[in-house]
Amino acid sequence: MRVIAGTARGTKLKALAGEEITRPTIDRVKEGMFSSLQFVLPGAKVLDLYAGSGQLGIEALSRGAAHCTFVDENRQALAVVQSNCKAAGVQANSEYLLTQAAHFLKTTKHQYHIALLDPPYHKGTLTEILPLLDEVMLPGAVVLCESERTAQMPEQCGGLQQKKQYRYGTVLVTRYEKER
């Protein structure tokens with residue numbers, strides 16, 4: 001697993017062993033996700049919810065995002081995120097929070113331009129978290145959700161409207177945009 005573009009291009013990233021805690025996004029999926037963000041990414045405040053290894057938030061920072069908040073409930077995963085941010089040279093623009101996603105979304109005062117979500121598959125997590133996520137997204141914000149291909153994603157959650165879905169083998173990426 002590596003950073004595929006930007007200032008940290010080629011930096012190798014670590015992940016915890018197994019797929020219970022982290023499931024690295026393959027390069028083809030990551031490239032598609034970030035191609036769809038190319039015009040909103042520069043200077044953006046990004047939320048990497050279910051950070052795992054931090055690869056999505058690190059990719060965003062490498063490509064020009066101003067700041068990324070990494071949220072994960074696993075202490076070991078968050079330590080890997082911090083190590084990866086240091087290796088990629090993006091730690092000055094990073095914030096790390098050890099907490100559950102729902103708790104973070106209910107308590108944060110921050111708002112974001114972009115949210116990147118790659119929660120555990122087959123648990124219905126996205127349909128539960130999207131209504132809470134709506135509250136912390138700025139008008140015109142973009143949310144990208146990675147899930148299993150068979151996931152049934154809602155058309156709308158509050159002000160978040162589904163705009164497009166991308167299929168990559170067994171992976172589904174759903175793009176939501178917040179009303180302006």
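Me: Is E59 buried or exposed, judged by its relative accessibility?

Reply: Burial is read from relative accessible area: buried means under 20%, exposed over 50%, and partly exposed in between, with a 1.4 Å probe and protein chains only. E59 has 0% relative accessibility and therefore counts as buried. This is a predicted model, in which local features need pLDDT of at least 70 and side-chain atom pairs count only at pLDDT 80 or more, while totals for chains, interfaces and linings use all residues. Residues are numbered from 1 along each chain as its sequence is written, and side-chain values use heavy atoms, with hydrogens and water left out.

Me: With which residue does E59 form a salt bridge?

Reply: Side chains of opposite charge can pair when their charged atoms come close. The criterion for a salt bridge is a side-chain nitrogen of Lys or Arg within 4 Å of a carboxyl oxygen of Asp or Glu. E59 pairs with R63, the closest N and O atoms being 2.8 Å apart. R63 is partly exposed, with a relative accessible area of 21%. Salt bridges that share partners join K30, E31, E59 and R63 into one network.

Me: Which parts does the pair of E31 and R63 tie together?

Reply: The side chains of E31 and R63 meet in a salt bridge at 3.3 Å, N to O. E31 lies in helix 1 and R63 in the loop between helix 2 and strand 2, so the pair links parts 32 residues apart in sequence. Helices (H or I, at least four residues) and strands (E, at least two) are DSSP runs, numbered from the N terminus.

Me: Which residues of helix 3 are buried?

Reply: The buried residues of helix 3 are A77, L78, V80, V81, N84, C85 and A88. Seen down the helix axis, they fall within an arc of 155°, so they line one face of helix 3; the arc is that of the directions from the axis to the C-beta atoms. The face turned away from this buried side carries the exposed residues R75, Q76 and K86.

Me: How many residues does the largest nonpolar core have?

Reply: In soluble globular proteins, nonpolar side chains tend to be buried together. A nonpolar core is a set of buried Ala, Val, Leu, Ile, Met, Phe, Trp, Tyr and Cys residues joined through side-chain atoms within 4.5 Å. The largest such core has 32 residues, and F34 is among those with the most contacts inside it. A second, separate core of 25 residues includes Y50, L130, C145 and A151.
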